[in-house]
Amino acid sequence: MYHTWAWVAWLAAAALPAFTLQNPLYLALVLAAAWLVYTALGRSTPLGSSWGAFVRIGVFFLALSIPFNALSIHAGEIVLFRLPEAWPIVGGPITLEAIVAGAANGLSLLAILAVFAAFNAGVDHYQLLRATPAFLFQAGVVVSIAITFVPQMVLAAREIRQAQRIRGHRLRGVRDLLPLIIPLLANGLERAIQLAETMEARGFAGTQVPGPRRQALWLQLGTLAALLALLAGLFILAYYPAGGPLGGNLSGLAVAGLLALFWFQGRGVRRSRYRRPRWEGRDTALAVTSLLVAAAVAGARFLAPATLYYSPYPPAALLPAFNPWIGAALLPLVLPALLAPRMAPRNGSGNGPEQAGARSVAHDSF
Amino acid sequence: MIRFEHLGYRYPGSPSAILEDLSFDVREGEFLLVIGPSGSGKSTLLRCLNGLVPHFYGGQISGRLSVDGRDPVALGPRGMAGTVGFVLQDPEAQFVVDRVEDELAFALENQGQDPIVMRKRVEEALDQLGIAGLRQRSVNTLSGGERQRVAIAAVMTLQPRLLVLDEPTSQLDPQAAEEVLDTLVKLNEDLGLTVVLSEHRLERVVQYADRILYMPGEGRPPILGEPRAVLGQVDLTPPLITLAKALGWSPLPLTIKEGRRFVSREAGIENGGSLPAAVPSANAGSPAVEPSVVPAFAPATSAPVVSVSHLDFSYNGHLALDGVSLDVRQGEFVALMGRNGSGKTTLLKQLVGLLRPQRGEVEIVDPRSHESLNTRRAAVEEIIGVVGYVPQNPNALLFNDTVRQELDFTRRGHNLPPADDGALLDTLGLAGHAEDYPRDLSVGERQRVALASILVAEPQILLLDEPTRGLDYRQKAALAGFLKAEKARGRTIIMATHDVELVAGCADRVVLLGDGQVVVDGPARQVMGESLVFASQINKLYRDPALLTVEAVLARRARQAKGNGHRG
């Protein structure tokens, strides 16, 4: 397993092109890199096996975005056929350009999802949560519990489906979902109460001293005011670009205020860490490479935006151009897959203590 | 260590108190076993010890309670966390973190403990519970027994002076339960940890308990005392003690070893004072066939209603069923036994068409119309007209507002006309609960509602998966009686279970599965008589295949007494 921060750096580097680029050729490269990384890392975490679900969602939206774009955007010169102009929205020429643009949009979403799925396969969620700032700590615990719960809920859902089927239950309408959903919710709720009880009994949050009531009120009012200021600043930036530096300054001040408030709130959380993962050579390699990839993409965007720009609509060309330098800059995203074979899988079925021993926990750096 | 002084407690919104005027002490290092029927307040009592009652539940508490010199009512569960370790029934619902080692460290991290102290405590807890080999594993890959030990280890890292466990083995199979209970005994004996445990598998722990607290419920006062004294007064007892009481053995034997002394002594008297044989062969003086224990096999001429041939099934690359062949005739009561993961549940799901054979065939014959259904081709909707399947966890199917609606739902699913449920609910002891919310009922009642909601479709073949999980002795006896009556009415019953005593009480044939294969298939008496693991307590006591249950022993003695009377 990579160090959490190195792994987050990879996520940032891979997600940046997936979010910002429209060119299907580059997106395909990112997608391929994510897939290679996923196959190399395999299912080492509870959510690692969610790759299939992520990809299915991505393909679903890809399939949806093509007809949606084709029917709603009537720009372009290569007209395939025409729908009667009298039909609202969908009426007009259906163009090849619109179809290609729809596919490119869908591909972009698929690439983003694939990057997150690959990230999931390699991340140690608990370490990630532990790395969250103190004021987000409670939220982090909630996410951690959810991750522990999810595999159990999936099994429970299957069990319920089978049990109701034996009673002659068939899915014919929305109402027929009730026999499946109610037991799932009720079981989940019963479990949640039991868990809450266990956590109480284990003294969870026992040391978090709540401040005086008046102080808590001020903190909440302050947070609210800062959020409003941020909203106003962004509003000014977006709609009154001529408004001068006011919008930018207001937003900046609001963000600084929020950070200060969060820091203040985080002070009340007392906690320590059991496990400090070691930063190893490959983590440095991964982090540095990722930063370089991100810098290259960001640099190209600012210095030579023309090389990244892609739009199938005229006057631009229908087919995307490929700049080999950009392609080469994206290739290092497969690095986690190349470094992976030396890592022992962390857990999963069938791994006995021998592997546990092979990767002795990194307590050394206390 | 613990001192109750006139403690009383009433749940919010409840008209009557569940605990009333409790006064007793528990000494340091004691192993206290709390027993009693479900709903008698065992869980409530345990939750008082760390302040979950009244802090988590609300309600009114009266009297005084002190645990290790501290007051849980004043301090609440957080304040008591360092003194009292608390473990619940369901190991799955207790985990916060996915990884074993992180789970152990979680509470310490939240206390802001020094990493060096933390490291030491986690290592100690791993060793105390014998789970050092699991430290890197994800909790979702562990077996039930392992999970429960991880849950205990997680509270042990806080170094409690008292360990409180609320039926920690009720969700586990016998092997896993033994694993957990052995661990508790070790913690109590080696570390001197005070243990308060509520449990209904008495045969495993009764010998280790220093004292037993019996909570009868329904407002009657509890009984506290030495195990023998308490067990002598209550009727919620394992077969060995039930028999000992019936035969007037004194002092009560708590283990098979102690019980065998009485058996040898009695055999010695019968044999005219000569030294008893190691296996007291009561067969010598009695007729070879005893009418009360003749297996009620259906006539061999009747055609099988279930026939499985060369069935293979694998999932996730694991061969769950490996060449299983099995014929079941109408009116047979078959028990499927075997370790966890030996393929029992998979086989049941094959019989009802939820899973389809990958190789081999499963044929179901409707005994009324003699129509044959092959599960490869038949739809589940057709099969469930003949076969009913009650899953392990009743919570998986209960969702309606009342018990009656629950039964109506199945009827609609089977396109059956509405009918009166009174008789069925009556035989299942649910007569008063027809309008109750099913999930508010006790485990045993919920299990019976699940059973009823399958039985309304009148399936000719009834499949049961672990029907006794979480039931006490009385509820088990009631279930056995009900199933025997159903069998007498011509229903074919196939039941997957770990419960040796239930099988001894009602099954006539045992199929032992191991690693997806049929290991043994034969009459219950023969299979259980030859096995040590799957032998009932009474069977272990007498080592006589004719004697599996208390009733069989008493019936034989009654006959012998009659015979002697005639002779004399």
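In the predicted model, the C-alpha centres of domain 1 and domain 2 of chain B are 37 Å apart. The domain assignment of chain B, with bounds taken from an automatic or database domain assignment, gives domain 1 (2–236), domain 2 (237–281 + 549–568) and domain 3 (304–548). Helices (H or I, at least four residues) and strands (E, at least two) are DSSP runs, numbered from the N terminus.

Residues are numbered from 1 along each chain as its sequence is written, while chains are lettered from A and ligands numbered from 1 in the order in which they are written. As the model is predicted, local features need pLDDT of at least 70 and side-chain atom pairs count only at pLDDT 80 or more, whereas totals for chains, interfaces and linings use all residues.

Strand 6 (residues 162–166) of chain B has five of its five residues buried, that is, with 20 or more other C-beta atoms, placed from the backbone, within 10 Å of their own. B:Leu162, B:Val164 and B:Asp166 lie on one side of the strand, and B:Leu163 and B:Leu165 on the other. Four bridges join strand 6 of chain B to the parallel strand 5 (residues 84–87) of chain B, with B:Val164 as the bridge partner of B:Phe86. Strand 6 also pairs in the parallel sense with strand 7 (residues 194–198) of chain B, over five bridges; pairing requires at least two DSSP bridges.

The contact between the chains takes 63 residues from chain B and 53 residues from chain A. Helix 4 of chain B supplies the largest share of the chain B side, seven residues.

The mean pLDDT of chain A is 80; pLDDT is the predictor's confidence in each residue, from 0 to 100. Over residues 342–366 of chain A, pLDDT stays under 50. Where pLDDT is low, the predicted coordinates should not be read in detail.

Terms used
Contact = placed C-beta atoms within 7 Å. Buried ≥ 20, exposed ≤ 12 C-beta atoms within 10 Å, placed from the backbone.
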